[in-house]
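Colleague: I would like to go through how some labels in this model were assigned, setting each value against its cut-off.

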Amino acid sequence: MTIEFLINFAIQLLGAAAAAVLAYRSFQKRRIQLGAEPTLPQYFIRRSTYWTGIGLYCALMAALFCLLTWQWLPLEPLVTLIVSHLRAGSLVELLSGLDGNKLLPLIAAGTILFLIGWESAFNPLLILRDSIHDAFAIPTKAVEVYNALIKSRLSAVDDKIKGQIADRLLVQSVDAGDFDKAGATVEYKWAHNSLLFDRIQHYADQSSYRRLFSEPSLKWGEICISYNAMSEKVAVWKEAEPHYTKTVNLLKDLDRLSGLLCRLLAALVVFGSANENEIWATVKELGGNVHEARLKHTYKYLLIFAAATAFGVILGREVSVALHNVFLFPDKPLPHFSYTTLRWIAYSIAIYVLPIVLVFVLRSVAFRHQQEPADRYYGFYMAMMFVGFVVSTSISTFILELTFYHRDDFKFLDSFLDHARWGIMPALISGFVAYRMDAPASDAETLSQTTIAAALRFLAWGGIAVIFMLYATDDLALEKLNLRFTLVGTAFLVTGLLGAAARFKTAND
């Protein structure tokens with residue numbers, strides 16, 4: 001073991017430790033925006049989960065530094081150069097030997113350490129950091145709970161909970177009819193704040209939540225002072241003559257107090273709940289409108305769609321080839337189990353499953369930012385059809401032009417329009433999958449009902465696929481009639497199985 005190796009190893013170790021420390025600080029710096037107030041995310045997830053996320057990010061950054069300085073741009077030549085010339089005492093030769101190839105790894109190592117700690121929207125490593133945040137659902141539940149509490153309707157709250165509010169008020173300022181007034185009125189906003197404050201007091205009486213109430217960023221002290229002062233202001237406002245300016249200012253103060261209360265309560269609910277069902281049960285008690293089609297284990301659905309596509313291609317092509325060889329052209333048989341099937345599987349997954357993946361992603365984003373809850377979101381379904389059409393047609397354009405037609409240069413727009421026919425069915429399937437997400441299966445549904453419903457969806461979508469594929473393959477030459485027959489038969493199986501597989505269950509199931 002040479003001295004050069006030991007020095008290089010020590011540099012690697014120190015650099016990896018520095019990368020881990022910088023990653024740790026960067027991970028803790030990220031704040032989520034709840035209303036107008038930034039909030040530290042560690043109060044919205046179990047501590048073990050949060051530290052697992054930190055450990056993963058720190059390990060990834062340390063590994064990235066080691067890979068960069070050991071394999072991709074190794075520092076070993078620079079270390080060897082410096083040690084050998086220092087031994088010989090030839091500093092002049094050392095300076096002359098520091099060319100670009102020796103200094104580039106050192107610059108790269110410094111750059112990666114700078115990027116790990118650089119807080120900027122243009123920093124690519126922060127995208128990875130934020131992705132790990134999202135993967136561990138650190139900000140997601142907090143934002144969903146906060147939005148549900150902000151938009152909650154007091155008319156859905158149990159009367160017993162409403163009756164507890166008056167006992168905590170220093171000045172009687174909430175009347176029974178305030179809970180049913182319009183959401184933009186002073187009376188309703190104050191009743192809403194009183195309900196939230198009463199629920200927070202329930203957590204304040206428990207010692208296990210003490211560190212959240214002592215956290216300065218959650219502003220519990222400011223909330224108490226503002227709430228007590230607001231109680232007197234509302235009581236005075238109710239007794240006085242109507243005044244426009246005073247009413248507007250009071251509404252602004254109530255809205256700010258609502259944001260602080262919902263932020264703290266969201267932290268308490270998420271931090272203190274044992275599981276997701278308990279979170280949403282608490283939100284429902286406070287009148288929050290919880291979206292009923294919240295899916296869990298989405299990766300399982302994506303695997304099912306991918307498997308349905310692959311199985312549909314295999315079965316569809318082999319059945320089509322068998323029918324072709326027996327009934328249509330027995331004198332010109334097509335080969336079974338051709339390697340072409342693998343290419344068809346890859347192509348079908350790309351144009352069908354990838355748009356469905358985007359449906360899951362965009363649905364999650366849209367759900368977090370939705371303003372008003374509804375049973376059906378037809379505008380979103382149409383948008384998903386458009387996204388599915390653009391994505392699948394673009395993929396078809398690149399794959400067919402570069403592999404099937406072997407065109408080295410092509411005009412994308414012209415080719416896109418020419419291959420638009422191949423994006424119709426993936427677009428319809430994308431819209432249907434988005435629709436089915438908001439129509440979850442019922443627990444009362446029996447196995448026979450599930451089977452019949454899946455069979456009907458299979459036949460319906462298979463029939464639609466036949467119609468559109470006959471149109472899409474209408475320009476194929478007569479000598480390619482066997483290809484047209486195989487394409488239509490395969491599309492029938494693939495689309496039918498995707499339609500049958502579009503069955504979802506909610507997170508509460």
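Colleague: Why is Asp-253 called partly exposed?

Modeller: Asp-253 has 32% relative accessibility, and since buried means under 20% relative accessible area and exposed over 50%, with partly exposed in between (1.4 Å probe, protein chains only), Asp-253 counts as partly exposed. This is a predicted model, in which local features need pLDDT of at least 70 and side-chain atom pairs count only at pLDDT 80 or more, while totals for chains, interfaces and linings use all residues. Residues are numbered from 1 along each chain as its sequence is written, and side-chain values use heavy atoms, with hydrogens and water left out.

Colleague: What makes Asp-253 and Lys-233 a salt bridge?

Modeller: The closest N and O atoms of Asp-253 and Lys-233 are 3.9 Å apart, and a salt bridge is defined as a side-chain nitrogen of Lys or Arg within 4 Å of a carboxyl oxygen of Asp or Glu, so the pair qualifies. Lys-233, with a relative accessible area of 43%, is likewise partly exposed.

Colleague: How do you know that Glu-285 and Arg-199 form a salt bridge, and which of the two labels, buried or partly exposed, does Arg-199 carry?

Modeller: Their closest N and O atoms are 3.6 Å apart, which meets the salt-bridge cut-off. Arg-199 counts as buried because its relative accessibility is 19%, whereas Glu-285 is partly exposed at 38%.

Colleague: Why is Arg-457 called buried?

Modeller: Arg-457 has a relative accessibility of 12%, so Arg-457 counts as buried.
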